[in-house]
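I opened the model today and kept notes as I went. The entries follow in the order in which I looked things up.

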Amino acid sequence: MSSLLERIAAIEPELIGYRRQIHQHPEPGFEEKETTRLICQVLDEANIPYHSNGDKTGVIATLTGAKPGKVVALRADIDALKQTEQTGLEFSSQVPGVCHACGHDIHTATLMGAARVLSEYRDQLCGTIRFLFQPAEETLGGSRSMIENGALIDPPVDYLLAAHTWPDMPAGSVGVRKGGMLAASDHFVITVRGKSGHAAHPHRCIDPIVIGAHIITELQTIVSRRVAPVDSAVVSIGRLTAGNVSNVIPTEAVMEGTVRTLDAGTRENIRAWMEKMVTLTAEAMGGEAQLDYEYGVPPVFCDSYIVDCVSQAVTELLGPDKLLQVPTPSMGGEDFSFYMEKAPGAFIRLGTADERPESKGALHSPTTVFNEKAIATGVAALVGTAFLLTGTGLDPLK
Ligand code: NI
């Protein structure tokens, strides 16, 4: 019996081949037909049963171990971005206006590799592994479709894990962080209603502009006075409209903005504080106001126990120098968080930087290149963590 790393090394050229095939034929959200076909082919070869994501692209696969244990879902997003690749790589996108600039081709190949390797260990495996090949992450609608189509049930998923490329870390490393990893992003509209009239007779009017100004000022106290200093949040108004002429007090003022939070509790608190500030401030000033708060993606909050399992797996299988701490959360959003509303999870980073300056560029940049070593590293991290989370232990992999 060969070790996990030997098994991964044996299939690494094929995994890089999958990655390059997907890279050359990138498909945007909910159009990943060829990518889905390739995934199904690999699952068929590994003898892993799967079902489709309803009438949408994407695949939900299930590997049942020989012994009872926990159910662990591993997720990869498979969609590309609508932009033109400018890397000059020999296997560059052949589709004008579409490319894998966020490394989702690496994620897909990594999860295909994890599926192949895990299928070879099914006799030793306790519990169940669910593979979520998810479409449309970039447009933030894919994970909801997967959940609707049974991603987290039959059997119910106990733990979730996803990996994402990260040009800020060297290839071969795995980055972890407990707690807030990515932000929730919400949108709101505040409508203030007063009573219009001549600007020379304010006592006969109720001025929604002045009420709105008070509300805006009060909203600034949410982050400065209500949110704990060690927590992070943003409340910003990006749009304010009221009135048409200088000598008329209007009936209405409308404000629109965004709230960013890293903690689910803080997110709920901010909404509640805003609601009170908006309605009571307007009422105290004789008018009325309404908050329409629209939830976007929730925050990605990494579960401590799962991060401990990732850390143990990476340290024991790849070496302690391969485990890095991600120093700060990102205020970007991720629809992996919709799964995390149903079960605890962790979102880990796979380093993709090397000596090439263009490997240290930003995600979503059309010139950024990704070191493919991240695939083998990612397979080891996913398989090792899955073995710990299911209750199988790392011994069969060594
Ligand atoms: Ni991405």
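This is a predicted model: local features need pLDDT of at least 70, side-chain atom pairs count only at pLDDT 80 or more; totals for chains, interfaces and linings use all residues.

Residues are numbered from 1 along each chain as its sequence is written, and side-chain values use heavy atoms, with hydrogens and water left out.

**Entry: whole chain**

I took helices (H or I, at least four residues) and strands (E, at least two) as DSSP runs numbered from the N terminus. The chain has 9 helices and 16 strands. I read the span of its C-alpha trace along the principal axes as about 90 × 45 × 40 Å. Of the 398 residues, 55% are buried. For contacts I used heavy atoms within 4.5 Å. Among contacts with a separation of 6 or more, 80% are between residues 24 or more positions apart.

**Entry: Pro344**

I found Pro344 in the loop between α8 (336-340) and β16 (345-353). Why does Pro344 count as partly exposed? Its relative accessible area is 35%, and the class between the two cut-offs runs from 20% to 50%. I then checked Leu160, which is 184 residues from Pro344 in sequence but 6.2 Å away in space, C-alpha to C-alpha. Leaving aside neighbours within four places in sequence, Pro344 contacts Asp158, Tyr159, Leu160, Asp303 and Ile306.

**Entry: Ser143**

I located Ser143 in helix α4 (residues 142-148). Ser143 counts as buried because its relative accessibility is 0%. Not counting residues up to four places away in sequence, Ser143 touches Gln134, Asp335, Phe338 and Tyr339.

**Entry: helix α5**

The 19 residues should span 27 Å, and the end C-alpha atoms are 25 Å apart, which agrees. At the N-terminal end, Asp207 caps α5, with a side-chain oxygen 2.8 Å from the backbone nitrogen of Ile209.

Which residues of α5 are buried? I listed Pro208, Ile211, Gly212, Ile215, Leu219 and Ile222. An α-helix has 3.6 residues a turn, so residues three or four places apart point the same way. The buried residues of α5 pack against β8 (184-193), β10 (233-242), β11 (248-249), β12 (252-261), α6 (264-284) and β13 (288-297).

Conventions. Buried means under 20% relative accessible area, exposed over 50%, partly exposed in between (1.4 Å probe, protein chains only). The expected span of a helix is 1.5 Å times one less than its number of residues. A polar contact is a pair of N or O atoms within 3.5 Å; within protein, one must be able to donate a hydrogen and the other to accept it, and residues adjacent in sequence count only if both atoms are side-chain atoms.
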